[in-house]
Amino acid sequence: MIKAITGTKDILPDEIHKWLFFENLVREKMSFYNYQEIRTPIFEETTLFSRGIGEATDIVSKEMYTFNDRSEVSVTLKPEMTASVVRAFIEHSLGKKQALNKLFYISPMFRQERPQAGRLRQFHQVGVEAIGSTNPALDAEMIIIAYEILDQLGLKKLSIKINSLGIPESREKYKLILSDYLKKYYEQLSDDSKKRFTTNILRIFDSKDEKDIQIMKDAPLLIEQLDENSLSHFEQVRSILTNLRIPYEIEPRLVRGLDYYTHTTFEIVSGSIGSQSALCGGGRYDLLIEQLGGVPTPGVGFAAGIERILLACENEEVMDIQPNKIDIYIIRLEKELLPKVYELSNQLRIQQITTEIDYLDRSVKAQMREANRLGAKYVVIIGGDEFKNNNFILKNMSNSEEKLLNIAQLTDIKSFF
Ligand code: HAM
């Protein structure tokens with residue numbers, strides 16, 4: 001039997017209502033904040049991601065689905081969408097059409113990670129990008145939108161962690177300070193962290209190794225090296241969050257897995273889904289657009305993993321929504337009435353009434369069972385003497401009340417509900 005590829009998941013009909021509910025909530029939220037949807041291709045030229053996300057990141061160095069197409073062009077399934085959105089922004093000169101572009105997306109992403117709960121190889125993100133302003137209000141807006149969505153779902157075990165990475169100059173200065181500190185402990189570091197010491201030293205903060213964690217506890221912090229502008233920017237973001245009573249913590253050890261960040265970075269973490277606990281992450285990327293060949297333009301954004309959010313909802317037993325029920329199930333008493341029943345169902349569907357009929361020549365009893373299984377609000381019974389007299393029965397399934405109606409009344413059936 002051919003099975004789905006490891007780390008990918010079918011989203012089956014009995015769970016799709018949760019996805020649709022979530023996506024509708026996101027679309028509604030986005031419209032209140034006046035963000036427009038953007039859709040980009042599933043794959044891009046590989047250099048977009050290696051330059052955009054950073055060669056030394058885990059995503060680029062070991063997780064991308066990269067292959068040569070038949071014209072020997074190296075292409076990559078998108079592991080994230082910020083680089084793609086920026087590519088589209090530059091390619092279509094969106095910055096000339098309006099000074100501030102407020103964009104969002106809902107899309108599958110691909111990373112060849114080791115699959116586990118909350119970690120897939122094809123997963124879905126909802127993401128938001130605001131391109132064109134350095135205003136700290138937009139940094140705060142990202143955190144607020146993400147938090148509002150999660151809060152509205154009813155999730156409780158959330159913590160918002162924020163940090164500032166400042167400007168690259170401070171970061172370069174800080175890397176030397178950190179490297180000085182870590183030299184003393186180099187031999188005690190895990191193998192992974194030893195590698196990161198030369199390739200991406202900040203990521204040692206992300207190590208899950210106990211010994212590494214102990215060493216990093218006393219490490220000097222980047223936030224202590226920030227310049228005045230960065231500190232003031234960060235202070236403004238915090239004061240907006242505080243005013244709106246958004247509960248955040250400063251996490252000076254928060255480093256993100258992508259290289260493009262400057263200034264604010266954040267993650268919202270859930271206490272109910274195990275070790276892959278980040279429901280969303282984001283931050284400012286003021287230099288990415290020029291790095292990818294555009295006119296220097298600042299940007300800020302975030303992305304949230306939909307599978308992880310739905311997992312948190314399941315574990316916290318929130319989002320108690322049921323699949324849509326059908327309005328009417330038509331039961332036919334005689335098999336040969338199928339063409340007539342089909343015609344009638346068509347009339348109902350045109351009136352925007354969700355209608356189901358029997359295609360399997362089931363017995364009347366089995367049709368009734370099916371109507372119950374589908375949660376039909378009403379059944380329409382066609383056949384017998386009633387039908388010979390141009391009548392039918394409308395039965396209310398919640399109180400078993402029956403009405404005898406004329407076939408002509410089917411065109412206005414809602415008035416008999
Ligand atoms: P990221 O932190 O790499 O950021 O991913 C954002 C979210 O996607 C994570 O917090 C997580 O919920 C989900 N996610 C990531 N990898 C997986 C996986 N293998 N399986 C399931 N879920 C996953 C970004 O992607 C940036 N583009 C965010 C951003 C937008 N920054 C600025 N603008």
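Contact here means heavy atoms within 4.5 Å. Helices (H or I, at least four residues) and strands (E, at least two) are DSSP runs, numbered from the N terminus.

The model is predicted: local features need pLDDT of at least 70, side-chain atom pairs count only at pLDDT 80 or more, and totals for chains, interfaces and linings use all residues. Residues are numbered from 1 along each chain as its sequence is written, and side-chain values use heavy atoms, with hydrogens and water left out.

**Exercise 1. Find which residues of helix α2 are buried, and what they pack against.**

Solution. 
- Step 1: locate the helix. α2 spans residues 46-53.
- Step 2: apply the cut-offs. Buried means under 20% relative accessible area, exposed over 50%, partly exposed in between (1.4 Å probe, protein chains only).
- Step 3: list the buried residues. They are T46, L48, F49, S50, G52 and I53. That is six of eight, and α2 is mostly covered.
- Step 4: name the partners. The buried residues pack against β2 (43-45), α3 (58-63), β3 (66-68), β4 (74-77), α4 (82-91) and α11 (288-291).
- Step 5: look just past the helix. There G54 has a positive phi of about 115°.

**Exercise 2. Describe how α1 and α6 cross.**

Solution. 
- Step 1: take the axes, which are lines fitted to C-alpha atoms, for helices over the stretch in contact; angles run from 0 to 180 degrees between N-to-C directions.
- Step 2: read the geometry. The axes of α1 (residues 16-32) and α6 (residues 136-152) come within 11 Å and cross at roughly 140°.
- Step 3: classify the angle. α1 is therefore oblique to α6. Angles under 35 degrees count as roughly parallel, over 145 as roughly antiparallel, 65 to 115 as roughly perpendicular and the rest as oblique.
- Step 4: F22, L25, V26, K29 and M30 of α1 meet I145, E148, I149 and Q152 of α6.
- Step 5: sort them. The contact has six nonpolar, one polar and two charged residues. Ala, Val, Leu, Ile, Met, Phe, Trp, Tyr, Cys and Pro count as nonpolar, Asp, Glu, Lys and Arg as charged, and the others, Gly among them, as polar.

**Exercise 3. Is T265 buried or exposed, and what does T265 touch?**

Solution. 
- Step 1: T265 is found in strand β9 (residues 262-270).
- Step 2: T265 is buried, because its relative accessibility is 0%.
- Step 3: not counting residues up to four places away in sequence, T265 touches K161, I162, N163, L165, L254, R256, G282 and G283.
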